[in-house]
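User: I would like to learn how to read a model of this kind, feature by feature. Could you give me the general idea each time and then the case at hand?

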Amino acid sequence: MALRAAGRQSLVDTVVEQLRAQLAEGEWAVGDRIPTEHELAEQLGVGRNTVREAVRVLVHAGLLASRQGNGTFVRSAADPAAVLRGMRHAGVLDVLELRVALEAEAARLAAVRRDEADLRTLRHALAELHEQGDRAADADLALHLGIVEATHNAAFTEVYRFFSTQVHETLVASLGDQEMPPIDLAAHAALIDAIESGDPAAAERAARAVLQVPIDVVTALITR
């Protein structure tokens, strides 16, 4: 069924809601591969770029998973939109404090459980962050997600993936605000070093240090 033409962003939102509805109605089961971008674009009467952006939103939301070279698969039919809408009322400081709780423990576990493949992934993510610069939200999130995945705790990873939508939105907003500090590349490097060294206490301290500066800045902005 074709969608009525509209402004680009509203059209992406409309496609997101259409795909959410199809997932909720069970059109595709968990584990199924959804139609290709081309097929969805034809079905919905929109451009492939619009479909690509909508699918990316649903990947961030934890409903879909993109596998390089294999397509996009249904990760969950349970729509987290209601929870995410509630989280959007949380302030930047709220999100930063929750990140500390999650990421400090993730770093501690990763230092104990990481394997050589995890370390290669983390080193690559760190290199990407350095290459893209100290205001690259996507690269920063990819590195922290890599740390969470190095815990080898499936429940932890799923919780963080779910939460990562709000983390990404907060990062984009914060890094676009010149009053907020840029990403501390040296602190991130120290965090990866601590995980690689296998020192859980040092890794936890390093994870807290990464977020302490933005927490201090936000606290000062709120109270001034």
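Analyst: We will take confidence, then the fold, the cores and the pocket. This is a predicted model, in which local features need pLDDT of at least 70 and side-chain atom pairs count only at pLDDT 80 or more, while totals for chains, interfaces and linings use all residues. Residues are numbered from 1 along each chain as its sequence is written, and side-chain values use heavy atoms, with hydrogens and water left out.

User: Which element has the lowest mean pLDDT, and which the highest?

Analyst: The pLDDT is the predictor's confidence in each residue, from 0 to 100. Here the chain averages 87, and 90% of the residues score at least 70. Helix α4 (residues 81-87) has the lowest mean among the elements, 60, whereas α9 has the highest, 97. Over residues 1-8 the pLDDT is below 50, although this stretch has 16 contacts in the model beyond near neighbours in sequence, a contact being heavy atoms within 4.5 Å.

User: How many helices and strands are there in the chain?

Analyst: Both are DSSP runs numbered from the N terminus: helices are H or I over at least four residues, and strands are E over at least two. The chain has ten helices and two strands, in the order α-α-α-β-β-α-α-α-α-α-α-α along the sequence.

User: Which residues touch the most other members of the largest nonpolar core?

Analyst: A nonpolar core is a set of buried Ala, Val, Leu, Ile, Met, Phe, Trp, Tyr and Cys residues joined through side-chain atoms within 4.5 Å, where buried means under 20% relative accessible area with a 1.4 Å probe, counting protein chains only. In this chain of 224 residues, 44% are buried. The largest core holds 46 residues, and those touching the most other members are Ala107, Leu143, Ile147, Tyr160, Leu191 and Ile195. Two or more residues each come from α5 (92-113), α6 (116-132), α7 (137-149), α8 (154-175), α9 (185-197) and α10 (200-223), and α5 gives the most, with eleven. Apart from this core lies another of 19 residues, including Leu11, Trp28, Ile34 and Val55.

User: Which residues lie nearest the centre of the largest pocket?

Analyst: Rolling a probe the size of a water molecule over the atoms shows where empty space is left. In this model, Arg56, Val59, Ala65, Ser66 and Arg67 lie nearest the centre of the largest pocket, among 32 lining residues. Its lining draws at least two residues from each of α2 (37-44), α3 (48-60), β1 (64-67), β2 (71-74), α7 and α8.

Note on methods
Buried means under 20% relative accessible area, exposed over 50%, partly exposed in between (1.4 Å probe, protein chains only). On a 1 Å grid over the protein atoms alone, a cavity is a set of points where a 1.4 Å probe fits but cannot get out, and a pocket is an open set with protein on both sides within 12 Å along at least five of seven lines; lining residues have an atom within 4 Å of a point.
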